[in-house]
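Thanks for coming, everyone. I'll walk you through one structure today, so please have a look at it first.

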Number of protein chains: 2
Amino acid sequence: MPTPLEELGEFSLIDRIVQRLGVAAARNILVPPGDDAAAWRVEDGCAAVATIDMLTEGTHWRLDTMTLGDAGWRAVAANVSDLAAMGATPDYLLVGIGLGPDVTLDEIDDLAEGMLEACLAHHVRIAGGDIIRSHTTTISIAAYGHSLPLAEVRSPFLRRSRAKPGDRVAVSGTLGASAAGLAVIEALRESEAGAEVLVRAHRRPRARVQLGHDAIRAGIACGMDVSDGLMQDLGHIARASGVGIEVDANTLPIEQAAVDLLGARAALDFALGGGEDFELILTGPAEALKRLDQAATGGPPVSLVGRVVGDHAGEVIVFASDGKPYEPARRGWDQLR
Amino acid sequence: MPTPLEELGEFSLIDRIVQRLGVAAARNILVPPGDDAAAWRVEDGCAAVATIDMLTEGTHWRLDTMTLGDAGWRAVAANVSDLAAMGATPDYLLVGIGLGPDVTLDEIDDLAEGMLEACLAHHVRIAGGDIIRSHTTTISIAAYGHSLPLAEVRSPFLRRSRAKPGDRVAVSGTLGASAAGLAVIEALRESEAGAEVLVRAHRRPRARVQLGHDAIRAGIACGMDVSDGLMQDLGHIARASGVGIEVDANTLPIEQAAVDLLGARAALDFALGGGEDFELILTGPAEALKRLDQAATGGPPVSLVGRVVGDHAGEVIVFASDGKPYEPARRGWDQLR
């Protein structure tokens, strides 16, 4: 018979979660978890960089496609990725958890375990949080980090508004793997050869913190992460920068497993319209972007996939290998549509 | 015919909210709302202080007792209060909004208006956010601020763990008004004489930022805000400090309107067990606490209501005017019970 949450009570449950977070719970800070707020020393000469994300059951995950531990990992990775997408270093997370009526203590333990693993993978710690009862299980994480020293770099942030005509467009890693992973899970094909890399990309994505730093140090001023889908996210850059963007479909780094399992067309559409890959989009001079490619040393590849133009401002056009514009099945993710 | 949210789309809705936030949207910071994360300069020599809170419809508010604008105000005030309860200065908020299926554009406008008003009242700005669709309307706010300069004060934070036997216990303002306000609203007695002060305390509570600073400057080292109910919150201090706490019921600053409308017994119980007054609890020497009382100059009163003792560690005992222990109807709020 599992312990009912009502019997445990809010504050015992918080203690239990902090215990299970282990080294991921920030302890050697000025005010660790357990007070009204957390406090820590800030880095001299750096800017504070902060973001918040909210994930909710039914919209961002379903219990038939991932566990609460996976959702916890993804919530951490999504937030860390937002800081990586600024070229910042993540330091601390604050975690709000809304527990739906059916959540069990085992699931909460799994959630803490998933967050712990994601914190270890991304070198970030949890400084505090809040836990409530809700009609719908919801995870809201705020991430707090710091920029590179402001005096050391010309452009301390990767901004959406800094793309210039003449820039090349690059992306890290491979695209579409997360969306392909969800398609594989929904088709009950998880056990097929090659499925694991896709499923893992969906449930346990990694953010690109080091690449963000490297890009800032290389003088890159424009970038963001792929969270809503490549075309949607390039659209954000195009509108914020007042430029057009052109993508060559045949240069996209598509996950081979997605092609093998789902076919070339679906894999391409997932690369263009699937979200939550948490890879980085960067724009800048071709030579600077090429030097960021670490595929030869086991790091993330960086691929040139397009260019920034002065025409069709705010618009993203994809060209197929025959030179004709290509319209994918979906351009990306809008929370309200 | 109101505009459906689906037609507006996520990014137009975000633009609309930022517009309506007006001066509450942080614009003159290194990276204002609209990028992957927000960024600002940090105060030299101060610590970063941060907190997160989550409020959800059904648990923290009901649409028959307050509007979404009221909920937005309260979400801001609750977060600011957590920083006030550390003695910190709030700077920026990050706001995550989960929109339930029935939320209208008018309600979202009202939410933005409520947050704007609360930001103006508390001198804090919104640096970024996230908006999602959810089964349940949920507001998650993370607040970031800074401590007083670490080199200038002996104890830079009001901690729950610093109460010492011999300390007196003080509270600011009046207690129980928010819970009494909810009772008045639920009893459909809003239009009665004296109800307004209670209803306002429930829907538009104020956090005590200046008092937190003053307490730190006066050398007070122990404090927190009244968010879960006085007895529950004193229990947090008693356990964190390993001390006992004794309260004299007849010294509690009970809102007179609550006595007039609901009777002395109910008003006392709301003062002891009702939450979300966002007043500050402070412990320390009687003289230092008395000097914080600003009632004579129109500021918040600070009342001595009890003492910290070496006995019954972890326990809070309330004494009635006849000297006998008094047990209120409810000791406070536990999210899971």
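Let's start with a definition. Two residues are in contact if their C-beta atoms, placed from the backbone, lie within 7 Å. Keep in mind that this is a predicted model.

With that in hand, the interface. Here, 60 residues of chain B are in contact with 60 residues of chain A. Which element gives the largest share on the side of chain B? Strand S2 of chain B, residues 47-56, with 9 residues. By class, the side of chain B that touches chain A holds 30 nonpolar, 16 polar and 14 charged residues.

Now, how do the two copies relate? Superposing chain B on chain A takes a rotation of 180 degrees, with 0.0 Å of shift along the axis. The RMSD is 0.0 Å. The two copies are therefore related as by a two-fold rotation axis. Both copies also use the same surface: 100% of the contact residues of chain B recur in chain A.

Next, inside chain A. The domain assignment gives domain 1, residues 5-146, and domain 2, residues 168-319. Taken over C-alpha atoms, the centres of these two domains of chain A are 26 Å apart. Their contact takes 19 residues from domain 1 of chain A and 20 residues from domain 2 of chain A. On the domain 1 side, the elements of chain A that give two or more residues are helix H3 (68-84), strand S3 (89-99) and H4. Which of them gives the most? H3(A) does, with 9 residues. This side of domain 1 of chain A has 11 nonpolar, 5 polar and 3 charged residues.

Let's zoom in on one helix. H2 of chain A covers residues 10-21, 12 residues in total. At 1.5 Å a residue, H2(A) should span 16 Å, and its end C-alpha atoms are 16 Å apart, so the two values agree. Which residues of H2(A) are buried? Glu10(A), Leu13(A), Ile14(A), Ile17(A) and Leu21(A). These residues cover an arc of only 100 degrees around the axis, so they sit on the same side of H2(A). What do the buried residues of H2(A) pack against? Helix H1 (5-8), helix H4 (105-122) and strand S4 (125-133) of chain A. Just after H2(A) comes Gly22(A), with a positive phi of about 55 degrees.

That brings up backbone angles. Most residues other than glycine have a negative phi. Two residues here go the other way. First, His312(A): its phi is near 30 degrees, a positive value. His312(A) is in the loop between strand S10 (302-309) and strand S11 (316-319) of chain A. His312(A) has 13 C-beta neighbours inside 10 Å, so it counts as partly exposed.

Then Glu276(B), with a positive phi near 65 degrees. Glu276(B) is in the loop between helix H10 (264-273) and strand S9 (280-284) of chain B. Is Glu276(B) buried or exposed? Buried, because 24 other C-beta atoms lie within 10 Å, and the cut-off is 20 or more.

Last stop: Asp269(B), in helix H10 of chain B. Asp269(B) is also buried, with 23 other C-beta atoms within 10 Å. Leaving out residues up to four places away in sequence, Asp269(B) touches Pro328(B), Ala329(B) and Arg330(B). From Asp269(B) to Gly229(B) is 40 residues in sequence, and 9.9 Å in space, C-alpha to C-alpha.

That's the tour.

Conventions: Residues numbered from 1 in each chain as written. Chains lettered and ligands numbered in written order. Predicted model: local features only at pLDDT ≥ 70, side-chain atom pairs only at ≥ 80, totals over all residues. Least-squares fit on C-alpha atoms with pLDDT ≥ 70 in both. Helix = DSSP H or I, 4+ residues; strand = E, 2+ residues; numbered from the N terminus. Expected span 1.5 Å × (residues − 1). Buried ≥ 20, exposed ≤ 12 C-beta atoms within 10 Å, placed from the backbone. Arc of directions from axis to C-beta. Domains from an automatic or database assignment. Nonpolar A, V, L, I, M, F, W, Y, C, P; charged D, E, K, R; others polar.
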